[in-house]
Number of protein chains: 2
Amino acid sequence: MNHGVILNVLGRLLRFLGAIMLLPLLVAIYYGDSLYPFLTAVIITGFTGILLSHRYSSSDEWKTREGFAIVAFGWLSVAIFGSIPFMLDGIAPVNAIFESMSGFTTTGATVLLDIESHTRSILFWRSMTQWLGGMGIIMLFIAILPKLGVAGRQLFRAEAPGPTEDKIKPRIRETAKILWLVYFTISIVEIIALVLADLSLYDAVTHTFTTMACGGFSPYSESIAAFDSPLVEGIITFFMLVAGANFALHYRTLRTDRSSLLKDDEFKFYLFIVSFATLILTFSLWDDMGEELFTAFRFAVFQVVSITTTTGFATTDFNLWVDSAKIVLLAVMFIGGCAGSTSGGVKVVRFLLLLKYARRALFKSIHPRAVKPVKFNNKAVPDDVMQAIVSFVVIYLMIFAISTALLSLMGMDLISSITASIATLGNIGPGFGLVGPMSNFDVVPFVGKLILITNMWIGRLEVFTVIVILTPEFWKR
Amino acid sequence: MNHGVILNVLGRLLRFLGAIMLLPLLVAIYYGDSLYPFLTAVIITGFTGILLSHRYSSSDEWKTREGFAIVAFGWLSVAIFGSIPFMLDGIAPVNAIFESMSGFTTTGATVLLDIESHTRSILFWRSMTQWLGGMGIIMLFIAILPKLGVAGRQLFRAEAPGPTEDKIKPRIRETAKILWLVYFTISIVEIIALVLADLSLYDAVTHTFTTMACGGFSPYSESIAAFDSPLVEGIITFFMLVAGANFALHYRTLRTDRSSLLKDDEFKFYLFIVSFATLILTFSLWDDMGEELFTAFRFAVFQVVSITTTTGFATTDFNLWVDSAKIVLLAVMFIGGCAGSTSGGVKVVRFLLLLKYARRALFKSIHPRAVKPVKFNNKAVPDDVMQAIVSFVVIYLMIFAISTALLSLMGMDLISSITASIATLGNIGPGFGLVGPMSNFDVVPFVGKLILITNMWIGRLEVFTVIVILTPEFWKR
């Protein structure tokens with residue numbers, strides 16, 4: 001293992017983060033907030049970055065391991081240094097790191113007791129961490145900073161290891177640039193739409209940051225319910241749906257083939273899941289809770305899209321819904337959005353391929369000698385991809401089970417433990433019970449918070465990247 | 001598809017069931033109970049059997065499909081005809097079929113409101129259905145009745161499709177005989193042990209029936225708590241552990257190699273799971289519920305073994321435990337006992353192999369070119385076995401999710417819906433909430449009962465056998 005190169009790249013990443021933090025500093029100047037949190041954060045982060053990148057020398061000779069280590073520790077460092085403004089704003093260290101990790105990983109789980117009591121620049125930074133994490137801060141780093149060369153691909157794969165690799169361009173830096181450009185462009189469109197729907201520029205920008213990232217933070221403790229506007233809900237629903245789909249397909253749709261999305265098996269299944277869940281949820285809210293049909297549909301479509309895309313916005317306190325409505329949300333929590341999107345969770349493609357795999361097994365038990373490969377977009381899925389998917393799901397469910405068990409051993413009730421675990425591991429945000437959409441994660445005991453921080457970190461990097469560096473095998477010579 | 005042969009074998013199976021029902025008839029004579037329920041059941045079942053087996057002609061030319069159909073419909077018919085005595089005892093038809101299916105599939109979930117109000121012969125039959133279903137009524141049929149020939153193997157595999165095939169003898173009839181003989185012998189030993197522990201012969205026999213089958217029915221609504229005897233609990237714990245292990249290994253241990261069990265990867269992992277879960281549960285009951293250490297251990301070891309082996313006996317109302325204790329039981333509900341045992345659930349071997357598979361994937365992400373097969377008992381596990389395991393788990397979890405969703409849409413709360421689904425699909429018995437160990441499944445709405453009956457049927461035949469016959473592909477020419 002080449003420790004030097006890891007520390008060098010981490011240093012460059014922190015220098016980059018320090019530079020990014022100049023933006024919330026400008027926001028603080030604009031709103032006349034205290035400059036102290038961001039000024040100090042810029043200095044500490046930038047200085048640490050410069051120190052590391054000068055002390056250790058760069059090299060292009062990486063193997064897979066260095067890539068894993070840089071991405072895993074990179075995300076951890078970014079979350080920790082990104083929490084400095086929160087700490088200096090008076091938030092306890094573990095809470096600040098929780099909030100920052102929840103931001104960068106686009107989880108959207110919050111520990112802030114009174115969100116509105118914080119300054120606008122702090123809340124701007126809180127939303128912005130999600131936007132940075134959404135498309136991937138390391139991908140942004142690859143896109144903007146030169147001289148990563150071939151090794152950039154290792155980082156790219158370790159940050160976004162989805163089962164479907166979409167090579168938009170042969171050079172990884174070009175791919176990263178394009179994806180970030182698409183992300184940036186759609187974000188601008190959403191800001192304009194929200195401003196036209198009568199939101200202030202501040203509200204439009206902060207909510208666009210957290211919509212496009214499938215993040216879910218809002219500067220209001222009531223989340224999207226604060227606006228009480230079907231138009232705003234409609235706009236946000238649309239952009240959540242977009243953000244939960246594959247950005248490589250968005251690029252193709254915009255540049256080459258208008259029907260790229262509709263030809264994609266994953267996108268079709270994603271729309272099916274959202275429609276089906278909305279239908280059931282509408283029925284449940286209408287039949288079991290006596291809502292009017294339109295109101296039931298309005299709540300249902302927003303909440304299903306919000307949870308399926310792992311955003312986590314709320315337009316009502318769904319923790320108060322009947323259990324038949326909650327189960328719909330619980331089910332989609334275990335699926336998530338599309339691969340190559342900014343969403344989290346298991347991802348629709350993995351779920352779809354497992355179902356196809358199981359269907360094939362049923363077919364084979366009747367026709368034992370038939371050769372029938374599992375197909376995705378009309379191509380046979382290679383065995384090693386299926387193996388990776390199965391392993392992903394097994395490890396994912398194990399972490400979920402262990403996390404749930406540990407939380408309940410700390411005295412949390414079953415439903416809160418279950419949903420807190422899946423909501424952080426799937427980068428969703430709110431759960432049910434103690435951690436419902438109108439409550440917050442501050443009730444979780446200290447050690448529980450550390451577990452949930454780890455869940456978010458593991459979930460955002462799709463399990464392998466973090467779990468691998470936690471195995472002794474990884475550190476063997 | 002050869003419909004004639006299916007109906008012929010079903011007829012022979014029902015004739016066989018009719019003959020078996022003479023035993024509870026003798027019990028009814030002995031206790032002076034009304035003979036009407038069993039006499040009628042024997043006549044209806046036997047007559048239907050004779051009618052079918054004479055009307056349709058036998059043949060030895062089966063394919064896999066006929067095997068699936070015979071076993072799936074065979075179990076359904078046995079559950080329905082086996083419920084006749086319950087119906088004639090005044091139990092409503094759907095409840096009678098629920099109780100009978102719960103018996104034969106060794107689930108142990110009950111809908112009886114006042115168990116003690118039923119006659120001793122009815123409760124004897126209720127326990128006996130579990131003993132018949134435990135080792136498999138079709139395996140008993142293969143072992144005892146001649147002339148099934150080669151085709152018997154199809155039935156054997158469809159009834160007990162575990163991933164590890166244990167060929168004790170080259171001829172399937174010999175294997176079935178030996179397994180039933182081992183089962184019978186250990187049952188006799190347990191009866192003697194329970195009688196020596198001061199139980200009446202009736203109690204010893206009925207509880208042995210339901211221990212050895214990993215069933216869980218008891219003629220007492222308080223289950224094993226009725227005896228309040230650490231000795232009885234100890235004996236039952238031991239025999240549940242034995243019944244949850246592989247009977248082919250028991251045969252080897254008794255006949256050839258004393259260390260057969262301890263050399264087996266699955267058995268070792270099974271003991272590890274039981275010990276680990278007992279440890280955590282003891283701690284939770286002691287720390288969170290303030291039980292004395294010995295009492296905590298006594299409850300913990302019994303309940304962990306009872307749930308892991310999917311028996312479902314209770315020595316206390318574990319539904320009243322704190323959530324940290326419940327989560328331990330919930331976790332083992334998803335694992336189950338060993339393949340080749342009388343237990344249900346996913347089975348330890350499948351769980352173990354999935355973990356090994358995931359560990360290999362982690363290893364391969366560091367060493368992409370390494371060749372490292374997943375091993376079980378020092379042999380490489382073939383790819384098709386892994387595929388079958390993955391497909392099994394995917395279908396199993398899908399059925400679990402659909403069943404949970406349907407129950408909660410009928411108005412059941414989340415925890416009751418979740419545990420009722422897994423407790424029936426895994427052939428465990430009691431769950432939490434409405435379906436806790438001291439409650440009963442009568443609260444489940446009518447359609448919900450049909451779903452749970454289907455779950456038990458699907459679970460006992462390890463998913464494929466039933467699901468396959470429900471696909472249109474199966475019925476194509």
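Buried means under 20% relative accessible area, exposed over 50% and partly exposed in between, with a 1.4 Å probe and protein chains only. The model is predicted, so that local features need pLDDT of at least 70 and side-chain atom pairs count only at pLDDT 80 or more, while totals for chains, interfaces and linings use all residues. Residues are numbered from 1 along each chain as its sequence is written, chains are lettered from A in the order in which they are written, and side-chain values use heavy atoms, with hydrogens and water left out.

View 1. With a disulfide taken as a pair of cysteine sulfur atoms within 2.5 Å, a search of the whole structure over all chains finds zero of them. A:Cys214 is buried at a relative accessible area of 0%, and the cysteine sulfur closest to its own, that of A:Cys338, is 9.6 Å away, which is too far for a bond. In chain B, B:Cys338 is buried at 1% relative accessible area, and its sulfur lies 9.6 Å from the closest cysteine sulfur, in B:Cys214, again too far for a bond.

**View 2. The interface of chain A and chain B.** Counting contact as heavy atoms within 4.5 Å, 44 residues of chain A are in contact with 44 residues of chain B. The area buried between the two chains (the accessible area, with a 1.4 Å probe, that two parts lose on being put together, summed over both) is about 3900 Å², and carbon and sulfur atoms give 75% of this area. Among the elements of chain A that each supply at least two residues of the side touching chain B are α4 (64-82), α14 (265-287) and α18 (383-409), where helices are DSSP runs of H or I with at least four residues, strands are runs of E with at least two, and both are numbered from the N terminus. No salt bridge is found across this interface, the rule being a side-chain nitrogen of Lys or Arg within 4 Å of a carboxyl oxygen of Asp or Glu.

**View 3. Two loop residues of chain A with positive phi.** Most residues other than glycine have a negative phi. A:Asn378, in the loop between β1 (375-376) and β2 (379-380), has a positive phi near 65° and is exposed, with a relative accessible area of 73%. A:Val463, in the loop between α20 (446-460) and α21, has a positive phi near 70°, whereas its relative accessibility of 0% makes A:Val463 buried.
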